[in-house]
Amino acid sequence: MVSTSTTVAASGRQYLPVTTDISSPNQSLLPLTARVNSQQHLEVGGCDVVDLVKRFGTPLYILDEETLRTACRQYRQAFEQHYPGESLMIYASKAWNCLAVCAMVASEGLGIDVVSGGELYTALQAGVKPDIMYFHGNNKSIDELQMAIEVGCTIVVDNWLELRTLVSLAGDQPIRIMLRLTPGIECHTHEYIRTGHLDSKFGFDPDQLDSVFAFVSQQPQLNCVGLHAHIGSQIFELQAHQDLTGVMVQWLSKAAQYELSIQELDIGGGLGIRYTESDDPPSIEAWAKVICEGIVAACRAQNLALPKLIAEPGRSLIGPACVTAYTIGNQKVIPNIRTYVTVDGGMSDNPRPITYQSVYRSVVANRMSEPLTQKVAVAGKHCESGDIVIKQADLPETQAGDVLVVMATGAYNYSMASNYNRLPRPAAVLVHHGEANLILQRETYQDLLRQDCLPERLKEF
Ligand code: LLP
């Protein structure tokens, strides 16, 4: 049990710390180290957010090391506790892939899931060993496949084209692969982030199981070590993952008929996090328990040896560990309609509200003890009416220059950030025990021009 002073919610007040017990970071709106200090400012990782903003500017991603490390440890411990066989946690780095994050996660003993040459390159540069790297993707290029083969990571094969390409690329050493299969399991989450249903672009269809296994069993160049499935993201119900364990163990027994010696089952990721008080995700421990017990029971029933069990969470590891700080600028009051409070970022640093209608919570870091007196829309600065960070935010009275902090922005924010309207991407700092280290520099205008080329004939006009 993590005993923390982070908040769940406090009606009529800002999200002041209230002592509450939560089981794991994915159930907390704010990072585990969030406090209000004596100046009534929000503090994360022992750093005053108002000071961080003075030092590093805004928008600023503030990543709390303790929260990320706690989530990594909880995943590992829960699988060690509930699974009698071998297990490996791998971080789905699509949630946030950069050198510092890869290094931190690997230092906690987690492997890394990558989905592109770029993510693979970054993880390698961070010092992650290829034997704990898994390369996913439904349309890997030949260059990416070659890179993965050279490096020696495990390739999670998605489709027939990839399978045949790998056979043609293989050299003397067999290529270590897994097969991604579509389990045909529906889950309740946004349709864009569901992946396990039959009408999905990912993985082999379940009715192709026999032909895929038969093909792979005839290819000495392919060393098929495992089976993989991922049913979706931001999932709160445990039933879908429990169902998945049964389906995957059935696949395992079918693979045995083809004399494929599958030693690993990768159950994917998908555990949800709390973005608002009404979100109620299960703890990491509860999720792990259901999966481990499901695999053990299904293997016993089929008389199969326990495979090495792999899970690859992304959001629930890093989502709650980060907040984004913005500077408040213009306020537009439309009487009887709405007040817009505008910040200096928006859909370029957090495309999730406009993409998935995601809902976020915020606080004003320099007014933590003030009562919430207004309901406003927090607007971004992009030339797009839909660029609203939070449709309905409860805020104290604010003025230009105040620091608005949006919670739970660690997953799929930086990694999906863009330069829309030519905004430079924000900086990110890692905070821990009162120390703040830059992990991503703020882009400059020069950075924006780095890839621009101006043909000679356009230089004079
Ligand atoms: N494994 C595979 C094969 C995946 O496709 C994903 C996420 C994960 C693991 C990690 O899932 P997680 O534990 O993070 O739920 N951009 C969307 C989320 C897309 C998820 C893509 N796949 C968002 O911002 O909500």
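1. Residues Ala 71, Gln 74, Tyr 75, Ala 78, Phe 79, Gln 81 and His 82 of α2 meet Ile 284, Glu 285, Trp 287, Ala 288, Lys 289, Ile 291 and Cys 292 of α9. By class, this contact of α2 with α9 comprises 9 nonpolar, 3 polar and 2 charged residues. It should be kept in mind throughout that the model is predicted.

2. The geometry of this pair is as follows. Helix α9 spans residues 284-302, and its axis comes within 9 Å of the axis of α2, the two crossing at roughly 35°. The crossing of α2 and α9 is right-handed.

3. Helix α2 also packs against α3. Helix α2 covers residues 65-82 and helix α3 covers residues 99-107; their axes lie 9 Å apart, at an angle of about 45°. Because of that angle, α2 is oblique to α3. The crossing of α2 and α3 is right-handed.

4. The residues of the α2–α3 contact can be listed by helix. On the α2 side they are Glu 65, Leu 68, Arg 69 and Cys 72, and on the α3 side they are Met 104, Val 105 and Ser 107. The contact of α2 with α3 divides by class into 4 nonpolar, 1 polar and 2 charged residues.

5. A further helix pair is formed by α4 and α5. Helix α4 (residues 117-125) packs on helix α5 (residues 142-151) at an angle of about 25°, with 10 Å between the axes. This angle makes α4 roughly parallel to α5, since angles under 35 degrees count as roughly parallel. The crossing in which α4 passes α5 is left-handed.

6. The α4–α5 contact is made by Gly 117, Leu 120, Tyr 121 and Leu 124 from α4, together with Glu 144, Met 147, Ala 148 and Val 151 from α5. In terms of class, 6 residues of this contact are nonpolar, 1 is polar and 1 is charged.

7. The peptide bond between Thr 58 and Pro 59 is cis, with omega about -10°. Pro 59 belongs to the loop between α1 (49-56) and β6 (60-64). Asn 336, a residue other than glycine, has a positive phi, near 65°. Asn 336 sits in the loop between β15 (322-334) and β16 (338-343).

Key
Residues are numbered from 1 along each chain as its sequence is written. This is a predicted model: local features need pLDDT of at least 70, side-chain atom pairs count only at pLDDT 80 or more; totals for chains, interfaces and linings use all residues. Side-chain values use heavy atoms; hydrogens and water are left out. Axes are lines fitted to C-alpha atoms, for helices over the stretch in contact, and angles run from 0 to 180 degrees between N-to-C directions. Helices (H or I, at least four residues) and strands (E, at least two) are DSSP runs, numbered from the N terminus. Angles under 35 degrees count as roughly parallel, over 145 as roughly antiparallel, 65 to 115 as roughly perpendicular and the rest as oblique. A crossing is left-handed if the near helix is turned anticlockwise from the far one by less than a right angle, and right-handed if clockwise. Contact means heavy atoms within 4.5 Å. Ala, Val, Leu, Ile, Met, Phe, Trp, Tyr, Cys and Pro count as nonpolar, Asp, Glu, Lys and Arg as charged, and the others, Gly among them, as polar.
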